[in-house]
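Here is a brief report on one structure. Look at the model first, then read on.

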Amino acid sequence: MTILCVRFQLPPMYEAALPQLLGLLEEFTPVVEALPPDGALADLRGAERYFGRDAVELASVIRVRALALYGVDCVTGAGPGPMLARMALRDARPGLTRAVPEGGEREFLAKKPVAALPGVGTATARTLCEYGLDTLGRVAAAPLSTLQRLVGAKAGRELREKAGGVDRGRVVPNGVSRSLATERPFTRDELDPGRHRRALLSAAGELGSRLRAVDKVCRTLTLTVRYADRSATTRSRTLKEPTAHSAALTRTAYDMYEALGLQRARVRSVALRAEGLASAEQASHQLTFDPVDEKVRRIEEVADRARAKFGPRAVMPGSLAA
């Protein structure tokens with residue numbers, strides 16, 4: 001168990017603390033990969049030898065320091081590779097690291113649904129399940145030729161390796177990406193598409209407000225939908241033009257949500273991330289003669305001034321988006 005996948009339980013709009021928390025991990029190893037907005041991968045191979053402790057023991061020390069120094073709790077998964085550490089994280093709880101021991105990879109994966117494997121989308125999972133390959137144990141035991149006929153030569157080979165616990169990934173050190181993100185959790189697993197859309201409206205409004213506050217625009221918007229079974233779907237879309245306009249962000253978020261085709265999905269939370277940030281002064285803007293659009297932009301300017309003077313709750317995020 002040499003790789004940790006850590007998710008810090010950051011309060012909303014507090015992702016600015018992530019660089020400091022990454023610095024905490026870097027006190028143990030220089031090989032840290034940021035997973036914004038609230039996570040990271042850490043390769044502890046050298047740290048285990050240096051500190052004379054295994055990854056699970058080091059994870060406990062990291063949690064205590066995060067709580068003591070920043071008041072932030074975390075959940076941690078550990079495994080021989082990044083993929084297994086990420087999957088272990090889904091079963092973790094605060095104060096208890098979920099670990100996949102070396103040699104126990106196949107046992108850990110065997111009973112998990114095939115859709116739980118990173119890189120297996122809805123269509124691939126459906127195809128495999130139609131042939132009775134509904135768990136990773138059954139996929140690992142299937143003949144390679146069968147998998148290749150179902151999903152293709154390269155994909156079939158990679159699928160069989162991953163289902164058998166072969167994790168060829170590695171931790172790539174990086175910095176926090178140039179992005180802003182916000183999440184809307186539901187108090188209970190939510191089935192109502194109307195509530196999903198209202199959450200997206202609020203999230204897009206908040207992102208637009210935060211972008212305008214720092215004079216930035218974004219080129220790409222990413223939607224993450226987390227479900228009751230702890231799986232998640234992520235989609236990204238490049239905007240027609242860089243923007244910090246809440247209405248444009250909302251329309252894009254709605255389009256991505258509709259494209260998922262969710263039917264009675266039990267959704268635990270929705271999150272939006274604005275990526276590819278650039279200076280608003282250097283961004284081009286397509287002129288429009290639409291009086292409604294111009295009116296909304298003027299209202300946004302007034303709302304932003306109200307937030308700056310009276311605080312972020314002066315105007316509800318998303319209330320101005322179309």
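L277 counts as buried, because its relative accessibility is 10% and the cut-off for buried is under 20%. The model behind this value is predicted. L277 sits in the loop that links β9 (267-275) to β10 (278-279). Its C-alpha lies 9.8 Å from that of D215, although 62 residues separate L277 and D215 in sequence.

| Residue | Relative accessibility | Class |
|---|---|---|
| L277 | 10% | buried |
| C129 | 38% | partly exposed |
| C218 | 0% | buried |

The disulfide count is 0.

Next, the helices. How many of the 8 residues of α4 (residues 82-89) are buried? The number is 7, so helix α4 is mostly covered. The buried residues are P82, M83, L84, A85, M87, A88 and L89.

Helix α10 (residues 193-213) packs against helix α11 (residues 246-260). The angle is about 145°, and the axes are 8 Å apart. The crossing of α10 past α11 is right-handed. From α10, the contact takes in P193, H196, R197, L200, L201, A204, G205, L207, G208, S209, L211 and R212. From α11 come S246, L249, T250, A253, Y254, Y257 and E258. Sorted by class, this contact of α10 with α11 holds 10 nonpolar, 6 polar and 3 charged residues. An α-helix has 3.6 residues a turn, so residues three or four places apart point the same way.

Technical notes
Residues are numbered from 1 along each chain as its sequence is written. This is a predicted model: local features need pLDDT of at least 70, side-chain atom pairs count only at pLDDT 80 or more; totals for chains, interfaces and linings use all residues. Side-chain values use heavy atoms; hydrogens and water are left out. Helices (H or I, at least four residues) and strands (E, at least two) are DSSP runs, numbered from the N terminus. Buried means under 20% relative accessible area, exposed over 50%, partly exposed in between (1.4 Å probe, protein chains only). A disulfide is a pair of cysteine sulfur atoms within 2.5 Å. Axes are lines fitted to C-alpha atoms, for helices over the stretch in contact, and angles run from 0 to 180 degrees between N-to-C directions. A crossing is left-handed if the near helix is turned anticlockwise from the far one by less than a right angle, and right-handed if clockwise. Contact means heavy atoms within 4.5 Å. Ala, Val, Leu, Ile, Met, Phe, Trp, Tyr, Cys and Pro count as nonpolar, Asp, Glu, Lys and Arg as charged, and the others, Gly among them, as polar.
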